[in-house]
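Hello,

Here is the structure I promised to pass on to you. Have a look at it first, and then read on for what turned up.

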Amino acid sequence: MEAITYNSPSILIVDDNPINAKLLSYWCTKWGYLSEIVLSGKAALNKAASTDYTLAIMDILLPDISGIDVCKELTSYQPNLEVVFQSGLSEEEFRSMDGGGHYFLQKPYYPNKMEEIVDFIFQKHAIKIFA
């Protein structure tokens, strides 16, 4: 299949731990997707103000703004944005925080679990980028 190119990344990774963010970006690249990393909620809002993303992979417990609040604001002006939350919280704690109907993975998780979710989302949007 022919590669599809885009002028901007398709995945926004939001995690205040730079090692986790870089590792996740590496996996995304390995799976054939473009990604961009930001390390705070404010940076995510600033970046998404000028770039449309298909997917955001977001830590919930960020130092400045909760990932859930960032998600609510992002999806208010990017309504088709899909969000995968990742956190050390349990799923019950996440749902009690009004995390909505987005995807959730409890840390630690196997990379193939994230890959399944990312592939599913991009198949829905038909925007797979082949490496």
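The cover over the buried residues of helix H2 includes strand S1 (11-14), strand S2 (35-38) and helix H3 (67-77). Contact here means heavy atoms within 4.5 Å, and helices (H or I, at least four residues) and strands (E, at least two) are DSSP runs, numbered from the N terminus. Please keep in mind that this is a predicted model: local features need pLDDT of at least 70, side-chain atom pairs count only at pLDDT 80 or more, and totals for chains, interfaces and linings use all residues. Residues are numbered from 1 along each chain as its sequence is written, and side-chain values use heavy atoms, without hydrogens and water.

In H2 (residues 41-50), the buried residues are Gly41, Ala44, Leu45 and Ala48; buried means under 20% relative accessible area, exposed over 50%, partly exposed in between (1.4 Å probe, protein chains only). They sit on the same side of H2, because they cover an arc of only 95 degrees around the axis, taken from the directions from the helix axis to the C-beta atoms. On the other side of H2 you will find Lys42, Asn46, Ala49 and Ser50 exposed.

Leaving aside neighbours within four places in sequence, its contacts include Asp15, Leu24, Ile57 and Tyr109.

As for the whole chain, there are five helices and five strands, running β-α-β-α-β-α-β-α-β-α from the N terminus on. Of its 131 residues, 46% count as buried.

Best wishes
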